[in-house]
Amino acid sequence: MEYIIESWDISKKFGDFTAVNSVNLKVPRNSVYGVLGPNGAGKTTLISMLCTILKPTSGRAEVNGYDIVKNAKEVRASIGIVFQSRALDDILTGREHLEMHAALYGVPMDLRNERIEEVLDLIALGDKADEFIKTYSGGMKRRLEIGRGLIHRPKVLFLDEPTLGLDPQTRENIWQYIRKLNQTEDITVLLTTHYMDEADKLCDEVAIINQGQIIRADSPQNLKRELKADTLTLTLDGGETFVEEIKKKEYVKEAYSLDGEIKLMVERGENLIPDVVNFATSQGYVINSIELEHPNLEDVFIKYTGCKISEEGK
Amino acid sequence: MAELEGIYTIWLRETKRYIRYRSRIITSVVSPMLWLIIFGTGLGAAIRFGDIEGGYQIFIYPGIIGQTILFTSIFSGVSVIIDRQYGFLKEILVAPLSRPSIVLGKSLGISTHALIQGVILLILSFVVGVSMTPMIFLASVFIIVLISSGLAGVGLTIASFTDSMEGFNLIMSFIVLPMFLLSGALFPITGLPTWLQAAVYVNPLTYGVDALRYIILGEAVLPLGINILVLIIFAIITISVSAILFSKKEQSLM
């Protein structure tokens with residue numbers, strides 16, 4: 001089984017509103033997979049169906065080889081979920097949350113303490129483990145929730161907006177945990193996000209979703225590459241004439257000089273730097289600096305939807 | 001086995017929550033004592049009451065135990081709404097555990113709350129001068145568990161229909177208070193006008209109060225067996241209904 005999550009034309013309607021529209025999702029085993037889209041795009045609805053929280057209106061899906069409707073219980077046993085909203089009890093301690101989760105998911109009694117220690121180690125909750133949740137910071141709560149989702153060694157971990165509302169440093173930490181987890185455990189991570197940088201830095205593959213439909217799904221690199229829009233920024237002496245000369249190169253789609261800098265629009269810019277430098281040298285120009293800029297996922301999103309991701313999905 | 005442990009886990013969490021909110025235990029013991037000491041003494045002094053030795057105050061003692069169980073059980077059942085608002089219910093509902101087990105764990109937890117309060121009130125029986133023997137104590141505990149199981153089912157059923165605590169006042173006015181007043185906790189249920197009598201006999205709590213009164217004071221309107229039978233049927237029905245509702249409505253509960 002190549003894909004650990006696979007859906008076939010899965011849809012969810014709420015009355016007249018179609019939240020998820022015929023989505024075919026294919027998540028490779030052991031990947032970190034991102035569902036990227038603006039608020040209201042249908043991300044949470046989609047993963048709620050995959051987590052068996054919501055039943056699809058039509059279509060079907062399998063998680064870890066189990067049908068999400070017919071084998072809901074098996075699906076639940078194979079997944080861990082971290083909800084967008086907090087799902088912790090203030091009056092319990094961190095350790096109690098983990099113990100409770102282990103019991104609910106049927107982790108064998110003799111393994112429990114070991115697993116709990118392992119997870120506590122991973123999420124670095126340290127000596128806060130035996131304190132009440134109400135004394136925890138936002139980042140600690142989120143880490144506890146992620147850790148809790150791991151106690152029963154799920155095959156898939158669902159994270160719905162894992163870093164929503166967290167400060168940059170905590171976000172960075174959470175990303176590290178997710179990465180580490182993905183590398184050390186046999187686990188696939190499916191996360192939803194509306195943060196471009198999160199999808200870009202963290203995910204092996206990204207599905208861009210808008211208005212309930214998957215627009216594109218590929219690795220962030222490929223998605224950006226498809227835009228064919230790397231920018232090479234050069235500074236050199238005698239700029240104006242150089243622009244005319246370099247324009248003759250067929251890989252340069254556009255070239256112009258702006259504020260004393262020369263901008264070249266190219267594809268796969270990283271492979272072209274030597275050629276550009278050689279060309280300049282052979283023509284007698286001296287390059288002072290050269291800088292390569294890749295497009296970001298935001299550009300990809302704009303290309304396919306015509307709007308920015310920070311705007312509500314229209 | 002996994003289901004049993006699930007039930008135990010949910011019970012354990014309910015119980016921990018209950019014990020850690022100490023203020024709730026204190027208020028739930030203070031208010032029945034106020035009823036007994038102030039209301040019981042006050043009204044008892046104003047009226048000549050029946051043939052029970054000790055009069056009105058002693059007469060309402062089993063009724064006030066019933067009232068405490070009623071308030072605690074319904075409130076604890078309804079507190080599922082709070083779990084839902086905090087998102088904690090989701091964590092339980094996505095676990096690979098059947099809905100009836102979740103409901104059962106919850107209602108056992110609720111019965112435990114009611115039981116703790118009932119036991120405190122039984123221990124305080126000397127305040128109103130009721131004599132307590134181990135036999136009376138154990139039999140009362142049994143009845144308390146029965147009553148609270150049924151009421152927990154009522155609370156959970158209400159919770160499955162309500163999504164915010166704003167409806168709580170409605171629940172108090174339309175369910176909890178009528179059940180309390182119509183249970184015969186404060187007055188004898190014989191010799192009432194027909195309409196009132198009918199309402200009293202429809203109320204399941206009536207049978208609980210009557211059973212407690214028989215056990216504690218040796219006085220009752222109905223045979224103990226009938227009372228126990230009604231309470232068992234009541235508990236089975238309400239817990240089944242809430243289990244079915246939790247299964248059917250699980251999507252809207254998350």
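In which helix of chain B does Val127(B) lie? I looked this up before anything else.

**Entry: conventions.** I note that this is a predicted model, in which local features need pLDDT of at least 70 and side-chain atom pairs count only at pLDDT 80 or more, while totals for chains, interfaces and linings use all residues. Residues are numbered from 1 along each chain as its sequence is written, chains are lettered from A and ligands numbered from 1 in the order in which they are written, and side-chain values use heavy atoms, with hydrogens and water left out.

Entry: I find Val127(B) in helix α7 of chain B; helices are DSSP runs of H or I with at least four residues, numbered from the N terminus. I record Val127(B) as partly exposed because its relative accessibility is 36%, the class between buried (under 20%) and exposed (over 50%), with a 1.4 Å probe and protein chains only.

**Entry: the contact of chains A and B.** I count 28 residues from chain A and 25 residues from chain B in the contact, which requires heavy atoms within 4.5 Å. The two chains bury about 2500 Å² between them, 57% of it on carbon and sulfur atoms; this is the accessible area lost on being put together, summed over both parts. On the side of chain A, Arg76(A), Ile91(A) and Leu104(A) lose the most area to chain B, together 26% of what that side buries.

I find seven salt bridges between the chains, each a side-chain nitrogen of Lys or Arg within 4 Å of a carboxyl oxygen of Asp or Glu. One of them pairs Glu3(B) with Lys73(A), the closest N and O atoms being 3.0 Å apart. From chain A, the largest share of the side that touches chain B, six residues, comes from α3(A).

**Entry: Thr72(B).** Is Thr72(B) buried or exposed? I record Thr72(B) as buried, because its relative accessible area is 8%. Thr72(B) lies in helix α3 (residues 55–78) of chain B, and its side chain reaches the backbone oxygen of Thr68(B) at 2.8 Å. Beyond neighbours within four places in sequence, I find Thr72(B) in contact with His113(B), Ala114(B) and Gln117(B).

How values were computed. Helices (H or I, at least four residues) and strands (E, at least two) are DSSP runs, numbered from the N terminus. Buried area is the accessible area (1.4 Å probe) that two parts lose on being put together, summed over both. A polar contact is a pair of N or O atoms within 3.5 Å; within protein, one must be able to donate a hydrogen and the other to accept it, and residues adjacent in sequence count only if both atoms are side-chain atoms.
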